[in-house]
Structure formats: structure tokens, C-alpha cells
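Hi everyone, thanks for coming. I'd like to walk you through one structure today, so please have a look at the screen.

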Amino acid sequence: MSYVKHFEFAQRFMPGGVSATARANAALGHPLYLERGDGARVFDIEGHEFIDMCVSHGASLLGHDHPAVTAAVREALAQGVICAYETEDHARLAEQVVEMVPCADMVRFAGSGTETVMHGLRLARAATDRRMVMKFEGHFHGYSDLLNYSVAPPIDMAGPAERPTPYPESAGMPPDLARELVVLPFNDVESLERAFRTHGYETAALFMEPINYDSGCIVPLVGFIERCRELCTEYGVVLFFDEILTAFRMHRRCAQGYLGVTPDLCAIGKAFGGGLPISALAGTRAIMEHLRPIGDSEMSGTYLAHLTAVKAARAALREYARPGFFETLNARADRFYGAFQQAIDRSGVRVRLQHVGPRFGLYFGVDGPVTNYREAATQDRAMLMTFIAACFERGVYLAVSPHHGFSAAHGDADLARVADVFEAALQEVRRAHLGDERGAGG
Ligand SMILES: Cc1ncc(COP(=O)(O)O)c(C=O)c1O
């Protein structure tokens with residue numbers, strides 16, 4: 001089947017021809033329609049092969065069709081497609097999470113990250129008996145009406161930099177909800193302290209991506225999340241790490257282990273399930289026991305923790321817990337970023353590369369370090385679009401997303417190939433946007 005034909009067909013029955021907005025690809029003019037995936041590669045419906053640098057928006061950290069994950073799913077199916085029942089595996093998986101995630105005394109599983117984070121907010125409100133919420137501009141916490149604010153606001157609608165105006169990311173969000181939200185600039189201690197002085201005692205939770213991949217890859221400046229931790233403790237606010245994307249990404253103890261700061265509650269997802277749909281809320285016993293049936297905060301559902309996903313997550317965590325797993329992944333990442341940075345330097349194209357572990361952000365037209373959303377928003381998106389399309393033509397797939405990355409199935413040879421393709425794509429960017437073909441040295 002050709003793209004043209006299938007895209008036409010899909011659009012007749014599905015808005016935009018996709019099941020999720022993030023799967024539309026404006027750089028290509030059509031979504032990627034897949035036949036299958038295998039390790040570092042995906043194969044599309046026209047028979048083209050791509051090295052996958054989206055890896056299911058981060059979910060397939062073990063690559064596609066990892067044998068341990070596939071075997072776990074088969075095992076679950078052989079038990080009779082168990083749905084909406086508890087098994088021994090559920091508590092065993094919770095035990096694995098408690099062993100690996102620093103803040104976790106107890107765990108409740110759900111499906112999507114959106115669902116888990118939304119329940120996390122309800123739980124934080126129940127545990128504190130407070131309503132206000134603080135979040136950082138440029139940080140993404142799923143699509144719920146409660147938190148889908150100021151992720152990528154147009155700058156002319158974003159309000160003052162030191163006190164951003166909550167910007168709803170979708171039509172249809174009830175405007176009243178924004179009254180309970182304080183949006184803050186990331187990495188700005190002064191604004192943070194001011195917000196706590198004003199709203200600290202009425203705030204239920206401070207939400208954050210401990211590494212802000214959803215604005216590319218922005219790391220907390222020295223002392224910033226330590227200060228967040230101190231203020232939350234002082235004012236009795238729940239410190240909530242949204243680790244949907246960062247969990248088991250660069251460290252077996254997630255970003256909280258990597259950064260050495262322990263929140264009160266966290267959400268883990270994506271890589272957690274090895275490609276199957278599962279996420280989890282994890283936190284201190286004192287907070288988690290506010291969940292029903294012990295406490296009175298509701299979190300339930302027919303499809304929470306389907307056994308296929310539970311077994312897949314158990315298999316994935318065993319892989320992440322293997323000695324050397326993250327050392328190998330991070331060493332490979334360093335070699336890849338080294339080669340890519342050299343290609344950037346040779347190209348004469350201004351593009352800032354920021355990375356932690358196997359995920360990275362690219363900011364075209366930006367030179368200096370990017371430390372918050374406002375700086376990220378100065379990037380030239382048209383250049384990024386050209387870059388993504390040029391990579392696609394050369395057999396490397398990137399989604400239109402602030403962050404990109406690879407899996408443990410990507411070997412050094414795959415990543416060397418990606419670095420070569422990136423170099424050729426930078427030349428294409430140079431031709432299209434800067435009007436000549438020469439690299440900096442040429
Ligand atoms: C930090 C963060 N939180 C929440 C979500 C939402 O997760 P899901 O797509 O599973 O609903 C995402 C997804 O991209 C994410 O990156």
C-alpha cells in the first residue's frame with residue numbers, strides 16, 4: 001500500500017488519519033504508517049526501512065520486539081487474557097518498582113501517563129486537603145484539563161517571563177480550572193520563592209519534569225530542584241516528579257536517582273512498560289494510603305494494569321536492573337553525541353544539542369545553553385522541519401517532537417549511521433535556509 005492511498009483512506013475514518021495527534025508528522029506531510037518494528041528499526045507500509053529515533057516517543061527503550069518483552073506478553077496471553085483481576089505478578093511488579101524507585105513505598109498502576117498524572121494530582125489534593133497547584137512553563141504532564149497548560153505557549157500569549165499566565169493547550173478546557181494553577185519559569189529560584197511565599201500554604205503539589213525533555217532537554221541548574229525540595233518540605237507541599245519520560249531513561253533509579261533528589265510522589269511510564277501501555281503512581285506510604293480502599297481518593301478502572309502490560313513491565317525492569325545496562329547505554333550515547341556535535345561544528349549551521357542519556361533536544365538557530373522554555377522557544381522550527389524531512393529521505397525517522405532518542409537496541413554502527421545522516425541533513429538545512437552548501441570550514 002502506498003502512503004498516498006493509505007493516508008487518504010485513513011483520513012476518511014479518523015481525524016487527520018491518526019489515533020493520536022502526536023503521530024501526525026507535519027515535516028513529512030503524512031504520518032509514518034508502519035508494517036513492523038525490529039530492534040532499532042521500523043519498516044513502513046511501502047517497504048522502506050528506517051533507523052528509529054523516535055522509539056515510540058520514548059516507550060520502546062529496549063527497542064522493538066525485545067525477546068524478553070515479547071515472551072512476557074505471550075506468557076500473559078497463555079494465562080487466558082486476564083483483564084481486570086489481580087494476579088501474583090501485580091504485587092511482584094510493585095515490589096520491583098519499590099526496589100528501584102527511591103520515593104516509592106507503595107505503587108498503583110494505570111495505563112497512560114496522562115491518566116496516572118491526573119490521578120496523582122487528585123491524590124495530592126486529597127492528602128493535603130489543598131487545591132492550588134504549581135507547575136513549570138514548558139513542562140508537560142499529559143492531556144488532562146487539570147494540567148495541560150503552558151507546555152508550548154505562543155510567546156505573545158504566555159504572559160510575563162517571571163510569572164507566566166496559564167495558557168490552555170487545547171480548545172475545550174474549562175477556563176475556571178486555571179484559577180487553581182500557578183505557572184512558574186523553570187530554573188528561576190527567585191520566582192519560585194516568591195510563589196511559595198504567596199501561595200505555599202494553599203498549594204497541594206509542585207509538579208515538574210525533573211529533566212525537561214518536553215522542551216527538548218533542559219536540566220535543572222545546580223541547586224534548583226534541591227530548593228524545590230526544601231520549599232515543598234517547609235510548606236507541606238507534595239513534590240511531584242513526572243517521570244513518565246525520564247523513568248529508567250538514564251539511570252536504574254530514574255531521574256530522582258540520577259539527580260539525587262527524592263520527591264514525595266512520582267509518575268513513571270513509557271520505558272517502564274517496554275512498549276506495552278502501563279504507567280504507575282508511586283510515593284510515600286503516608287500519601288499512597290490516601291487511595292481507596294484504604295483512604296478516600298479514587299483511582300480505579302477496568303483496564304488498569306492489564307496482565308500483558310504488567311508482565312512486560314516486569315521483564316523490562318529486569319533488563320534495566322542488569323549490571324551495566326545504563327553504563328553501556330550512556331557510554332554509547334556519549335560516543336553518538338560526540339560524533340554528532342563534530343558534524344554540527346563542521347556544518348556551520350547554528351544548532352544547540354542538549355542531551356541526558358539516550359534522549360536529546362535540538363534547538364536550531366540557538367547558540368547558548370537552553371535553561372528554560374522561553375529560551376527554547378527562540379528556536380527556528382522551519383529548520384527543524386527541513387532536518388526531519390531530510391533524515392526521513394535518508395532512512396532515519398524522527399517525530400516532530402521537542403525530544404528525540406534511541407534505544408538499547410541501537411548499536412554503535414546504527415548510531416554512526418545516524419550521525420552521518422544527521423550531517424547530510426544539516427547540509428540540506430544549510431542549503432534550504434542559509435542559501436549555500438559549504439560547511440564552516442569550506
Ligand atoms: C512528562 C510526561 N508526562 C506525561 C505524559 C503523558 O503520557 P501518555 O502519553 O502516556 O499519556 C508524557 C507523554 O509524552 C510526558 O512526556
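This is a predicted model: local features need pLDDT of at least 70, side-chain atom pairs count only at pLDDT 80 or more; totals for chains, interfaces and linings use all residues.

First, the overall picture. The protein chain has 13 helices and 14 strands. Its radius of gyration is 22 Å, close to the 22 Å that the globule rule gives for 442 residues, so the chain is as compact as a globular protein of that length. If you draw a box along the principal axes, the C-alpha atoms fill roughly 65 × 55 × 50 Å.

Now to the ligand. How many residues surround the ligand? There are 14, and the closest are Ser112, Gly113, Thr114, Ile244 and Leu245. Which helix gives the most to this shell? That is α4, residues 113-128, with three residues.

Let's begin with α10, residues 325-347, and α13, residues 412-434. Their axes are 9 Å apart and the packing angle is about 20 degrees. An angle under 35 degrees counts as roughly parallel, and α10 and α13 are therefore roughly parallel to each other. Their crossing is right-handed. On the α10 side, the contact is made by Arg332, Arg335, Phe336, Ala339, Phe340, Ala343, Ile344 and Ser347. Facing them from α13 are Asp412, Leu415, Ala416, Ala419, Phe422, Glu423, Leu426, Gln427 and Arg430. Sorted by class, this contact of α10 with α13 holds 10 nonpolar residues, five charged and two polar.

Helix α13 also packs with α12, residues 381-393: here the axes come within 8 Å and cross at roughly 135 degrees. That makes α12 and α13 oblique to each other, and this crossing is right-handed. From α12, the contact takes in Ala382, Met383, Thr386, Phe387, Ala390 and Cys391. From α13, the partners are Val421, Phe422, Ala424, Ala425, Glu428, Val429, Ala432 and His433. The classes for α12 with α13 are 11 nonpolar, two polar and one charged.

The last pair is α3 and α9, which pack at about 30 degrees with their axes 10 Å apart. Is the crossing of α3 and α9 left-handed or right-handed? This one is left-handed. Helix α3 brings Asp89, His90, Arg92, Leu93, Gln96 and Met100, while α9 brings Leu307, Val310, Lys311, Ala313, Arg314, Leu317 and Ala321. Seven residues of this contact between α3 and α9 are nonpolar, four are charged and two are polar.

Finally, the two backbone details. Most residues other than glycine have a negative phi, and most peptide bonds are trans. With that in mind, look at Val81, where phi is positive, near 50 degrees. Val81 sits in the loop between α2 (67-78) and α3 (88-100). Then there is the peptide bond from Arg292 to Pro293, which is cis, with omega near 10 degrees. Where does Pro293 lie? In the loop between α8 (285-288) and α9 (307-321).

That's my tour, and I'm happy to go back to any part of it.

Terms used. Residues are numbered from 1 along each chain as its sequence is written. A residue is near a molecule or strand if its C-beta atom, placed from the backbone, lies within 6 Å of it. Helices (H or I, at least four residues) and strands (E, at least two) are DSSP runs, numbered from the N terminus. Axes are lines fitted to C-alpha atoms, for helices over the stretch in contact, and angles run from 0 to 180 degrees between N-to-C directions. Angles under 35 degrees count as roughly parallel, over 145 as roughly antiparallel, 65 to 115 as roughly perpendicular and the rest as oblique. A crossing is left-handed if the near helix is turned anticlockwise from the far one by less than a right angle, and right-handed if clockwise. Two residues are in contact if their C-beta atoms, placed from the backbone, lie within 7 Å. Ala, Val, Leu, Ile, Met, Phe, Trp, Tyr, Cys and Pro count as nonpolar, Asp, Glu, Lys and Arg as charged, and the others, Gly among them, as polar. The radius of gyration is taken over C-alpha atoms; the globule rule is 2.2 Å times the number of residues to the power 0.38.
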